[in-house]
Every structure is written in C-alpha cells, then in structure tokens.
Amino acid sequence: MAIIYPIYLMKKKKIILISEIAASLVLAILLAVAGYHAYRLMGSNFVSRDGEPHYVYVYPETTLDSLISSLQEDYTIGSERSLKLHSKLMKWTSAERPFVRTGRYLVPAETANLQLIRMFRSGDQKPIQLTFNNIRTREQLAARLGSQLMIDSAAILCRLEDDTYMQQFGLRKETAVCLFLPDTYEMWWDISADQLFKRMDVIHDAFWNADRLAKAAALELTPEEVTTIASIVEEETNRDEDKPIIAGLYMNRLRIGMPMQSCPTVKFALQDFGLRRITNEHLKTESAYNTYIHPGLPPGPIRIPQKKTIDYTLNPTPSNYLYMCASSKFDGTHHFSSSYASHAAYAAAYQRELNRRRIYK
C-alpha cells in the first residue's frame, strides 16, 4: 500500500494538470474567438481598396448576399461569416433578408460590422445632388432624372404624359415640363416618383412668387405661356444680352396677331435638333408646334428654359422689332428689324453665307 499510494497521487496530479491545460487552451481559444469577433464587430472588417470612401446603392429586395457583393466591388472584406453572424445577433437579418432601407450610403474607407449594420438598419443615407439642364423633351427629362434616381424613368415619363395626373399641378402633358426648373437640388436617391413631383411643385411655386406672377399678368400671359416663350428664346440664342430683346420681339408679334414663325419650333416639330438650315419643305411640316403654320404659341415649351431666361422673358426689352435674323458672321449675334425689307436683306446675306459654307441641312 505504501508503494501504490504515491503512484495514485501522481496520476491524479497529472490528470488535474492536463485538465488545467485543456481548460486553459479552451479559454485561450474562446478569448481568441471573442477577440476576433470583437475586432470585426467594433474594429475593422471592411477596408477600401483605394483608401477612399465609396457609395453603395441599396435597391428594394436587397439580400445580405447581394449587399456583400456590392461592397466587394470596392472593399476587401475580412470576414463575411462574421458579418452574417453579427447581423443575426443584432436581429438585422431574417431568412437571409437584411432589414435595410433603400438608399445611397457612404461607406467609410475602413469600417466595422457594428457601424455598417447600424448605418444600413437606420437608413443613414446621403442625399444626391440632382442636376438637370439642356432638356428638350419629356423623354429626355425622364431619362435624365431616372439616371440619377432609383425611380424607373418609365414611371416618370408615364406621369409626365398623363393629363389627369398633371392636372393636380395645374398642367397637362404639353406643359408638364414647366414643373421642372433646371438647377441642382439636394434630394434622397430613393425618393418616390410621386414625392419627386410634389417636391418640384413646391420649388415651382416658390419660384413663381407674387412678383413674377404680377409681371406675367402685366404681360397678359400665364406662367406656362411665359415659360413657352422663354423656351423659344433660349433655343434662339445663348447670349443673355439678346434674350430680353428676342422675348420682346415675339411678344410684339403675338400682340398684333402676327405668326411667331420661329425656326426652333419647326425643329421641335421634326424632332431634329441638329438642323442648321430650315427649308421651305421643313416649314410645311404639319404639327401643332410649327408656328409657321399655326398662329399663336405652340402647345407648350420646346425645351426646359433656365430660370434666368424666364426672368429675361418676364422683363422684355421694349422695341418695335418684329423680325430677327442670325448674323452672317456666324458669331451668335442677331440682326433685329422693324421692317420686312431690312430683314429680307439680312436674311439674304445669311443664306449666301450658308451656301458659301456648304451648309444645306
């Protein structure tokens, strides 16, 4: 018995030592795992490849896997598994669907799961700078807006061409573009089509304040008619100094019942905006927009004019001018006349220069 007892004690101590080592290893592993997940959760899990923050666009029906794929375009992801685990623990996902709001999100150059999940879950997105100008048609407007927003351009165009829908704004499809004033606007990328139209209506009403409405009334024109004249003026020239003169000229024609006879309206009727020479055949084009055939204003704007052009139109230069002709110098200037004889001389010189330059269309 004296010999067996020490052996038993030695075995027992060895078992205890092994258990302690095993426990230490398990604890070390658990601490390592916990440290790793703590690092991915609060330290770093996403690192931009170029060291810069990037925008991520989240559409409806986005899944966690598709969101990860979007992030992988610009970021190196330390652990996809940790993101999925943390998203479940934070109750961000359900059946592989994250509770993420649509939007345009700016992801930092380096970020952790916690920051990322909180940003997407709370909808902490960044607005866009919505810009549109140099637009001639409803189709162009819808395409330009659709290219910058989550809205399908078809949804925008459908509303622009729906008289019943546009009636709530006091417009119809021919004047629908009057609602949109070219500028840069801060807006949410995932704004709905209806919200967009309502937002533009607020901006439109703010622009058409009491002063501008009074000026339009003094000219015996509605805001839409002013915008239509401004659209023609803007197609005629890029020179701001000429815009109030041209506006006054067209108003003189309207006042005496003279046809507007505006070449840009013929281009719009033909939907050929590259035409440099209007022929007699072009002038015969049957269209409500052809002001050589139909008296008065066309049904609506032939482009979306700038706000400053609308203001020039609201403040026309008083004159007796009834005619205008582009200068034969092709320098963007115009000759203005109150008599047809003077105008005819300028027109002949311009036609000769077109021929000399071999511009036939």
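**Salt bridges and burial**

Tutor: Start with aspartate 183 and lysine 307, whose side chains meet in a salt bridge at 2.5 Å, N to O. Keep in mind that this is a predicted model.

Student: What makes the pair of aspartate 183 and lysine 307 a salt bridge?

Tutor: The N to O distance is 2.5 Å. The cut-off is 4 Å between a side-chain nitrogen of Lys or Arg and a carboxyl oxygen of Asp or Glu, so the pair qualifies.

Student: Where do aspartate 183 and lysine 307 lie in the chain?

Tutor: Aspartate 183 is in strand β9, residues 183-187, and lysine 307 is in helix α14, residues 307-314. The pair links distant parts of the chain, 124 residues apart.

Student: Why is aspartate 183 called partly exposed?

Tutor: Its relative accessible area is 32%. Buried needs under 20% and exposed needs over 50%, so a value in between is partly exposed. Lysine 307, at 25%, also counts as partly exposed.

Student: Which salt bridge does aspartate 240 form with lysine 308, and how do you know?

Tutor: The closest N and O atoms of lysine 308 and aspartate 240 are 2.9 Å apart. The limit is 4 Å, so the label holds.

Student: What parts of the chain does that pair link?

Tutor: Distant ones: lysine 308 is in helix α14, and aspartate 240 is in the loop between α10 (223-236) and α11 (243-256). They are 68 residues apart. Lysine 308 is partly exposed, with a relative accessible area of 38%.

Student: Why is aspartate 242 called buried?

Tutor: Aspartate 242 has 7% relative accessibility. Aspartate 242 is in the loop between α10 and α11.

Student: Which residues does aspartate 242 touch?

Tutor: Leaving out residues up to four places away in sequence, aspartate 242 touches Thr237, Gly332, Thr333, His334 and Phe336.

Student: How many salt bridges does the structure hold?

Tutor: It holds 17.

Conventions: Residues are numbered from 1 along each chain as its sequence is written. This is a predicted model: local features need pLDDT of at least 70, side-chain atom pairs count only at pLDDT 80 or more; totals for chains, interfaces and linings use all residues. Side-chain values use heavy atoms; hydrogens and water are left out. Helices (H or I, at least four residues) and strands (E, at least two) are DSSP runs, numbered from the N terminus. Buried means under 20% relative accessible area, exposed over 50%, partly exposed in between (1.4 Å probe, protein chains only). Contact means heavy atoms within 4.5 Å.
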